[in-house]
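Subject: Structure handover

Hello,

I am passing a structure on to you, along with notes on what turned up in it. Please look through it before reading on.

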Protein chains: 2
Amino acid sequence: MSLMKYDLGHGQEKNWIVSENDFNSLFLGKGESIMCLGNGYLGLRSATEEKYVGETRDMLIAGTFNKFDGEVTELPNAADLTEITIFINGERFSLLQGEIKNYSRNLNLKTGELNRNFIWSNKDFGKIKFEFKRFVSLKNLHLIGQKVSITPLEKNIEVKIQSGINGQVSNTGAQHFTEGEKRVYDSKYIQYTQRTTESNIDFVSNTVHKFEINKEEVSPSSLIVMDRRKVYYNYDLSVKENETLVIEKISNVFTSRDKECEKLSYEELKEFSLENIKKEYTIGYEELQSESAKAWEDKIWSKCSIKIDSQNDYEQLAIRFAQYHLVVMTPAHDNRMNIGAKGLSGEGYKGHTFWDTEIFMLPYFIYTDPKVAKSLLEYRYLTLAGARKKAKENGYEGAQFPWESAWLEDGEVTPEWGSADVITGKAEKIWTGFIEIHVTSDVVYGTWHYYKASNDQEFMDNCGYEIIFDCATFWQSRLEWNEEKQIFEIIGVIGPDEYKEHIDNNAFTNYTAKWNLELAMNYYNELKENRPDLFNKLNEKLNLDENFTKWASKINKIYLPKPNEDNIIPQDDTYLSKEIIDLTKYKNQTNIGSFFKDYNMKQANEIQVSKQADIMVMFLLLEGLFSEEVKRANWDYYEPKTLHDSSLSLSTHCTLANDLGYNELSYDLFRKACDIDLGPNMKTSDAGIHAASLGGVWQCVVNGFGGVRMIDGKLRINPTLPNTWNKLEFPLHWHGDLLKINVSQDELLIENTTKNNEEIVFTHRGNEYKLYDNISIKLG
Amino acid sequence: MSLMKYDLGHGQEKNWIVSENDFNSLFLGKGESIMCLGNGYLGLRSATEEKYVGETRDMLIAGTFNKFDGEVTELPNAADLTEITIFINGERFSLLQGEIKNYSRNLNLKTGELNRNFIWSNKDFGKIKFEFKRFVSLKNLHLIGQKVSITPLEKNIEVKIQSGINGQVSNTGAQHFTEGEKRVYDSKYIQYTQRTTESNIDFVSNTVHKFEINKEEVSPSSLIVMDRRKVYYNYDLSVKENETLVIEKISNVFTSRDKECEKLSYEELKEFSLENIKKEYTIGYEELQSESAKAWEDKIWSKCSIKIDSQNDYEQLAIRFAQYHLVVMTPAHDNRMNIGAKGLSGEGYKGHTFWDTEIFMLPYFIYTDPKVAKSLLEYRYLTLAGARKKAKENGYEGAQFPWESAWLEDGEVTPEWGSADVITGKAEKIWTGFIEIHVTSDVVYGTWHYYKASNDQEFMDNCGYEIIFDCATFWQSRLEWNEEKQIFEIIGVIGPDEYKEHIDNNAFTNYTAKWNLELAMNYYNELKENRPDLFNKLNEKLNLDENFTKWASKINKIYLPKPNEDNIIPQDDTYLSKEIIDLTKYKNQTNIGSFFKDYNMKQANEIQVSKQADIMVMFLLLEGLFSEEVKRANWDYYEPKTLHDSSLSLSTHCTLANDLGYNELSYDLFRKACDIDLGPNMKTSDAGIHAASLGGVWQCVVNGFGGVRMIDGKLRINPTLPNTWNKLEFPLHWHGDLLKINVSQDELLIENTTKNNEEIVFTHRGNEYKLYDNISIKLG
């Protein structure tokens, strides 16, 4: 069984290309996910033009949630626009048959174009050269371009092309759409409509084809075919030896949820999308792709490029890969939407938003593209009604953010019941939606983090304070008084470490809850004193005076697990008293979850074994609260017990390891983080890329090796590059200025490229510095 | 492009085997449909164990109709039990790869077993012999057995088997089920449940595997896997060179609509089906298959065999093929169900019942297996409420049977709107459900036909009279008075010839309507005179006295199109005045519908061109009404204008041609009728077999060449064999006796094998005969 091999590109494209050099139908999911195209509006898995058994053809459009009977809401799989079935002399083209030579498939991260090349041959028609290109436009978010070139090298051939729109796709069997209309306009433009069954969102897709032989446009004989949920053309062409047949397929998709289409009637939406495809069709594939590549350059690479000059090229590729996907997955165009745990690259986690956004992806945007960070937080603001509903339904006050979040009004969308245990038949209750409550602190942290890094007072006035206050109100209502100990506790939760369920006083949860209350009290005082108008408005809306009294009455009695005699902070009330076993074999695993081949979840609950960073995340968020000594002791205690079975674990550990001077380990963890999607394990990305892990790769680089942190509102820059790195260069937005940070083994160079602030204050290794134009600090 | 080639079997199996000798993934639908397995309870398309792009994996269970949002009700595609994915040394087994030798796939019509054999090889693992066997039991209607044998001939191999239950299947994208439970019992029995979304029918499937190497049972390492709508085991085994690995997969499916399960709760249904699979599992594939084969022998072949001794073996195979499918398609176990236009072999026509049943399939059962005929008519009786509703909704009286019929209470289920015209975007109204009203006469005809052939007075008392009376009441209310002509007309209909829509006074419709009224009036008089109790009961229920007055007041004024000066009966008021064109090129077509490459439906309406038999069917049903002269003139006029674009056309024409002495033509039409499914056209059966055509094949043989007809209630036997036939032998049920009819070129031999009647009266070439034990009549 051969694995795919990755290539990084050469020459000008060096470290811009994710490449596979072998076709293996056992691992279709890998390429579909990691080579996924998109623009935050739509995500298109890179299933090939020709179909294979085992493929997952998904096109997901951000925010278009729908509920199938009895299930939780999810992003529906829209009608497929990319399928192109090719027959050569009557035989269906498939890479499972014939001979393949010079195969390569390349995703160009710089241009967003996917390219597939090979020579296919058999004895009947000899060698045929194929090239497939496609992109999802970053300029026109609705647009998909495809271009197929077929050159018979030895014989004349007859080519039949079947291509159109296929609405027979589903979400692994669940059908979210009623069948709509099928139309052809001007004997050329195919239109297909569908409507979600429960949320009643109209989708309109259009597609059109253009044919050239040796660069001369030709009109093949064509026959329109309609099937259930499917409409396509059959085209027949003859191609002579050494002629090149080029098929361009230009497609678009619009929905009634699109902001620009909200006011259109269904008929107007059809008309609008048709006009769009007509316009784009005249422009043609190459020009449309150039426009999209230019958008990538203008919006992303010219502004956000990170340079890693390392002995190992893979690392430069990995950070670009992460940035590419952070663009593809993020609905930056619409603040009513957020990022799903698998982005828009697969059906995993149903497109739902988790704490992953605030803790793992948001930092990237805060420092690299702050307007996107703002949009993501505005989404949380727009879901406050749902968060209040959730708190109320649970008997609490204020706003409790849902563990899983989808459309604005949905509130909690975590499924309540998971798969049944196949043996007992009892469905396993999914507890996260009920008791993994730290997400409320995480949203507050993200809000504060963005504010402190951006100084965006307008956002705070409109959204931020309200989030912080109402979450504090939730926390005070969530606290439980322990009469015996005379303390407030938080009982029966899941912390970030999901191998421990129904635990009491999870350190992460208690610390961040108290921190939220403190933050709220500080802002209460600050606004009351300095911003009476705003204060009065918020006071009226959120009943601040009364809530402040409640906050104040409880805050000093909240139980915070303190370091014990060995400096170890108990992760929860019972963790440290559980059995310790040898975890070596599970630590060096190729596939995550190997622990569960020997133990079940109930047993895991009774062993000192962790899925992922828990206290370590707390150290990163609230690092000013803990001494290095405590951090080191806890690292040494907990890391060996942590299996990193969540993709949310490695980057946190990498960053902290770097802080603690565990440099080799830090580098090793970074490499493992890069490998989560891009590495050689061929099955882990099947359900989609790991959004948080890709944010985590950036965190390793900038928070870890770059040493950038916001601590108590202040910028700190303590870089330590891996030995193998010569240089690291990255952009950093701070207080409205764009800094260019340049780190080598012996120098830290910072330039303020925008100079909106007269001076930027930051600390470096305990000293405070002021940046005017630029500053150079010797390292080592 | 190579077509499949058919083989007929040899030796003992001669003319029992439908065989393909080549694998071609372009034509998967052909084999899936024509080799479909089933038993009237369930129909299983013969998609292969391993999946291919382009396959249609359907398992349809009779009567389990469900409506997807905004669509008409259809038979839902139940969770797939047959998929078995095989990996050899880590590579997925697929016939698209490697080398295939000695390929054959055989459906044994005698035993109902499907068998697939070949040697698959590549350079890594050498030659491997594969054998796949499966059956759907005719003994336990819920049971599916599969057996896979794998013998590596040159090297030791590692085999991985993925097999279980897959509920991700849909009806061409429409999902009719909510996801249910997944369970494993005794680490062996997999159970999967699903429920239809609208009709709330529970389906419970179970499957279990057994492994042997060289006939020793082995327990491979196994791992249960759950996915969305899917549960399966991964099994790993090592097989040495020349050892044979055998995998048996025994599966079942039960639904809450099953008569035997109606009173079970959901939990009881699960338990019941589990007990069933446990019992069957201990019996094992070979014994289960023997039991099923014995049921085929006992219930079908020992009782219903038809022998054709012809120079061409294909014809013997074709009649067996027709009989096989007539069993597979027909829900003989449950009189709440009827036959779909594609049986249970595909999604075409959604499992709906048409006039096809009474006119094309029912005759087979009337004469070959009368209890099934009765059950099919009881279905119509049980749908009378829906038929009355339909009449009432249309402003008529009595009972109007729906053009398309599904579950008992559904009434009319013909979709009202067809696909939109892709150019104009205007959906085409489907008129059949509104105006193809002759189905009401057809049901009456079937009722009367069964009664006259069976003498089943109990059926008539319980069901038959009521159908006949209430349909007569419909017809009298449907008649429209033409003041000018002083006649009753039937305006704005579609007759059997569907190339003419919105026509007036279709001969078939008017004649059969009047015939229905006459029949009702006769029975009214008869019952009133001789069966006062029954009469009073029916009179009270159906208001017979009043209705009789209405019937009587109109019957003599019903307009019946009469033969013109050329003896031609106008098919409708305008047919004969339409344009006549040269249809030669469309008459000799390989694919039906070629006419519409040159004309559209509107143009067809203005040309003397017919899709199918229209007046010809009338001649068959009411043949006593028309002279041979008239029949011949109309044949000579209409047949050349008939494209036989419906599979309902050939058998009628074949039978009539034989009557008229057009022997070669008759034989030619018979062969064409046999070819509709079994012939070399590889695409026509994709959506399922042609149920009416298969009944038609029997009609060609028994009504045509056998010359058997019920005319005005009397048995007539006028055989004329094709030149190439030596002998024809067939069973014939008449008035409760089973006759054995033996026809050669020079003798007609009839034996009464049961002798329930002292004498059987029949006519032959105008003379009346009486059959006691047996009778021999010289022919020629």
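Predicted model: local features only at pLDDT ≥ 70, side-chain atom pairs only at ≥ 80, totals over all residues.

Aromatic rings

Counted over all chains, there are 118 aromatic pairs in the structure. One of them joins W296(B) and W301(B), whose rings are stacked, with 6.1 Å centre to centre and 20° between the planes. Both W296(B) and W301(B) are buried. Another pair, Y445(B) with W448(B), is edge-to-face: the planes are 70° apart and the distance is 5.7 Å centre to centre. These two residues belong to helix α9 of chain B, which covers residues 439-454, and they are 3 residues apart, about one turn of the helix. Y445(B) and W448(B) are buried as well.

In chain A, ring pairs connect a set of residues into a cluster: F23(A), Y52(A), F93(A), Y103(A), F118(A), W120(A), F125(A), F130(A) and F132(A).

Charges over rings

In chain A, K210(A) has its charged end over the ring of Y281(A), at 5.5 Å from the ring's centre. In chain B, the face of Y266(B) has R195(B) lying over it, 5.7 Å from the ring centre.

Helix packing in chain B

Helix α5 (residues 356-368) packs with helix α20 (residues 691-705) in chain B; their axes are 8 Å apart and the angle is about 45°. Because of that angle, α5(B) counts as oblique to α20(B). The crossing of α5(B) past α20(B) is left-handed. On the α5(B) side, the contact is made by D356(B), I359(B), F360(B), M361(B), P363(B), Y364(B), Y367(B) and T368(B). On the α20(B) side, the residues are A691(B), A692(B), G695(B), G696(B), W698(B) and Q699(B).

Helix packing in chain A

Helix α11 (residues 507-530) and helix α13 (residues 544-555) of chain A cross at roughly 135°, and their axes come within 10 Å. The angle therefore makes α11(A) oblique to α13(A). Here α11(A) passes α13(A) in a left-handed crossing. The residues of α11(A) that meet α13(A) include K514(A), L517(A), E518(A), M521(A), Y524(A) and K528(A). Among their partners in α13(A) are L544(A), F548(A), W551(A) and I555(A).

Regards

Conventions: Residues numbered from 1 in each chain as written. Chains lettered and ligands numbered in written order. Heavy atoms only, no water. Phe/Tyr/Trp six-rings, centres within 6.5 Å; stacked < 30°, edge-to-face > 60°. Buried < 20%, exposed > 50% of the residue type's maximum accessible area, 1.4 Å probe, protein only. Helix = DSSP H or I, 4+ residues; strand = E, 2+ residues; numbered from the N terminus. Lys NZ or Arg CZ within 6 Å of the ring centre and 35° of its normal. Axes fitted to C-alpha atoms, helices over the stretch in contact; angles between N-to-C directions. Parallel < 35°, antiparallel > 145°, perpendicular 65-115°, else oblique. Left-handed = near helix turned anticlockwise from the far one by under 90°. Contact = heavy atoms within 4.5 Å.
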